[in-house]
Amino acid sequence: MIRRLDDPTIAKIAAGEVVTRPASVVTELIENSLDAGATRIDVTVDGDGTERIRVADDGAGMSEDDAALAVERHTTSKLDGPDDVNAVDTLGFRGEALPSMAAVATLDVTTNDGGPRGTRVRVEDGEKRVDPAGRAVGTTVEVRDLFYNRPARRKSLAAARTEFGRISDVVTRYALANPYTRFSLTHDGRETFKTTGTGYTDAVLGAYGRDVAGQSTEFDHRTTVEFDGGVVSGANDTSSDESDGKEYPLEVEGLLVYPSITRAQHSHVHTAVNGRALRDEVIRKATVRGYGNLLSNGRFPVAVVAVSLPPELVDSNVHPAKERVAFRAETAISEAVETAVNDALTTADLRRSAAVAMDLDSSLASVSRDSDFDDVSVIGQFRDLYLLCEADDDLLVVDQHAAHERVNYERLRAALDGEAVESVDVDPAQTLSLSPPEAAAVESHREALSKLGFDLDPFGGSAFRLTAVPAPLGRVLDADALRDTLDTLRAGAKPEELRDELLKDLACHPSLKAGDTLAGEDATALLRRLGECDQPYACPHGRPTVLSIDESALVRGFQRGHRNLA
Ligand code: ADP
Ligand code: MG
């Protein structure tokens, strides 16, 4: 039953604007459908979303009285009182979403909770009307003319494809976080995305296509975390007075794409907490740590990591748009995620397959310039990752990957200098099934891609045929590099930064580095080339390439301060 929240509860709710752009409407409506127990959610969008957004579900629906109340402010079926805010087990709880939409759009809610007939509630220009309506059990919410009375807000929206891209992102993230619910997204009459509601692998298939889903493993890890309850503020649970830790169940599940496929951006680590899709740093970082050295420098995995835990351990009320949560027992949760990911990858026995090797492209002409590292001699290698070098009074530790990326980047930049990137034909052409947002990025950045050496032809739906790839420095890049490039384009870099960002990503791409382990002579060559760089001390993304330990640090460390006594 829906009721109006009392003032003390309202006062505890994180206040802020709920509806800021079309994508936030979609987020709220999807959350409502999930809260209603929907097994299928169909999202329809026209234009940039301000024209029309419709979300239809097969959830529990509402009675006539409830439907009429639902569009009022601070009315919800999900909270009983202020204490409930501390342990929310639904995605919604503020009773703000529908009324916020009604305030800036025309809102139609058509619903049936199983009675002989359904109900339609329409709010237009602030006027509410309730009528009987035919509908099967479930709810359809339609939002039209969004921001019709907020011209400034409407003006602040981005181009239609960008706003739709955001919507597509939201639907994708919720579909990945709720893989047993069927989702579909239709844009201007064309279905652009769908999942089957049959688990993580199928959801990833819908979002990333066959190439990615085929190289992945599902996992499910159950454990308990201890938490003493001491920091839970205002919990109505008197047992939290105990100082001894209480055990809470924790489940970490999802899907990990093998590290043979990686991305330059961390946005493909999809995280969810109790079914809420959000970008959670704690889970994301723990996931990346779980992959450990399977990932090369600056690369991120594609993964879905969903954490389920008792609501007492999550504070969902820390952000007005519910984009973040706060964990209680954060360290234990983060460790559990890292372990879950690491165990799953260990059993998948991937370590060998992902070993990132490198060599130097000897076909490169050496730039005639003095090298900063001319007088440095390589004395060894540590873990196939670091070069140990002697330079006067210093011991240098060089990160081979980072150094190699810097060299690649500066050479790419010099070689290209305004020119289009040389490309080679892919024969036979490679068919790629891209995600809908990736496909949209291909369409809108065709020219930029071609300048960078990628040629693609549409091949039906969001499939493309890759007919040419860049071959910078005589090295052929693979299809993965295309996805990184699309990511950079979608991230909306400014035109002048774009090229540079792309070169950085290309320079860091594993296929530019693939090869054999660096041996003695090559190590020296790498150092010399690093020394020729304009900025030898950082990789293109800003991480250091060289650490130096001066002799005095060793002297102090070994307590050899009084040399003459030794
Ligand atoms: P909240 O989700 O925070 O409770 P909303 O304004 O989003 O607030 O929704 C108000 C109420 O309307 C919900 O508590 C719920 O009872 C009802 N409701 C909204 N959408 C649906 C839906 N798709 N199916 C069933 N009930 C719904
Ligand atoms: Mg809601």
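This is a predicted model: local features need pLDDT of at least 70, side-chain atom pairs count only at pLDDT 80 or more; totals for chains, interfaces and linings use all residues.
Residues are numbered from 1 along each chain as its sequence is written, and side-chain values use heavy atoms, with hydrogens and water left out. The protein has 18 helices and 24 strands, taken as DSSP runs numbered from the N terminus (helices H or I, at least four residues; strands E, at least two).

**Overall**

- Of the 566 residues in the protein, 51% are buried (buried is under 20% relative accessible area, exposed over 50%, partly exposed in between, with a 1.4 Å probe and protein chains only).
- Contacts (heavy atoms within 4.5 Å) between residues at least 6 apart in sequence join residues at least 24 apart in 72% of cases.

**Helices H2 and H6**

- The axes of H2 (residues 22-35) and H6 (residues 160-177) come within 8 Å and cross at roughly 20°; axes are lines fitted to C-alpha atoms, for helices over the stretch in contact, and angles run from 0 to 180 degrees between N-to-C directions.
- That angle makes H2 roughly parallel to H6 (under 35 degrees is roughly parallel, over 145 roughly antiparallel, 65 to 115 roughly perpendicular, and the rest oblique).
- On the H2 side the contact is made by Pro 22, Ala 23, Val 26, Thr 27, Ile 30, Glu 31 and Leu 34, and on the H6 side by Glu 163, Arg 166, Ile 167, Val 170, Val 171 and Tyr 174.
- By class, the contact of H2 with H6 has 9 nonpolar, 1 polar and 3 charged residues; Ala, Val, Leu, Ile, Met, Phe, Trp, Tyr, Cys and Pro count as nonpolar, Asp, Glu, Lys and Arg as charged, and the others, Gly among them, as polar.
- An α-helix has 3.6 residues a turn, so residues three or four places apart point the same way.

**Helix H9 and its ends**

- Asp 280 lies in the loop between strand S14 (276-278) and H9, and is buried with a relative accessible area of 7%.
- A side-chain oxygen of Asp 280 reaches to within 3.1 Å of the backbone nitrogen of Val 282 at the start of H9.
- Apart from neighbours within four places in sequence, Asp 280 is in contact with Thr 271, Val 325 and Phe 327.
- Within H9 (residues 281-291), the buried residues are Val 282, Ile 283, Arg 284, Ala 286, Thr 287, Gly 290 and Tyr 291.

- Most residues other than glycine have a negative phi.
- Asp 145, in the loop between strand S8 (138-144) and helix H5 (151-155), has a positive phi of about 55° and is partly exposed at 39% relative accessible area.
- Asp 188, in the loop between strands S9 (182-187) and S10 (190-194), has a positive phi of about 45° and is exposed at 51% relative accessible area.

**Arg 406**

- Arg 406 sits in helix H11 (residues 400-416) and counts as buried at 4% relative accessibility.
- The side chains of Arg 406 and Glu 410 are joined by a polar contact of 2.9 Å (a pair of N or O atoms within 3.5 Å; within protein, one must be able to donate a hydrogen and the other to accept it, and residues adjacent in sequence count only if both atoms are side-chain atoms).
- Leaving aside neighbours within four places in sequence, Arg 406 is in contact with Leu 530, Cys 533, Gln 535, Pro 536, Ala 538, Cys 539, Pro 540 and Thr 545.
- The C-alpha atoms of Arg 406 and Thr 545 are separated by 8.2 Å, with the two residues 139 apart along the chain.

Conventions:
Chains are lettered from A and ligands numbered from 1 in the order in which they are written.
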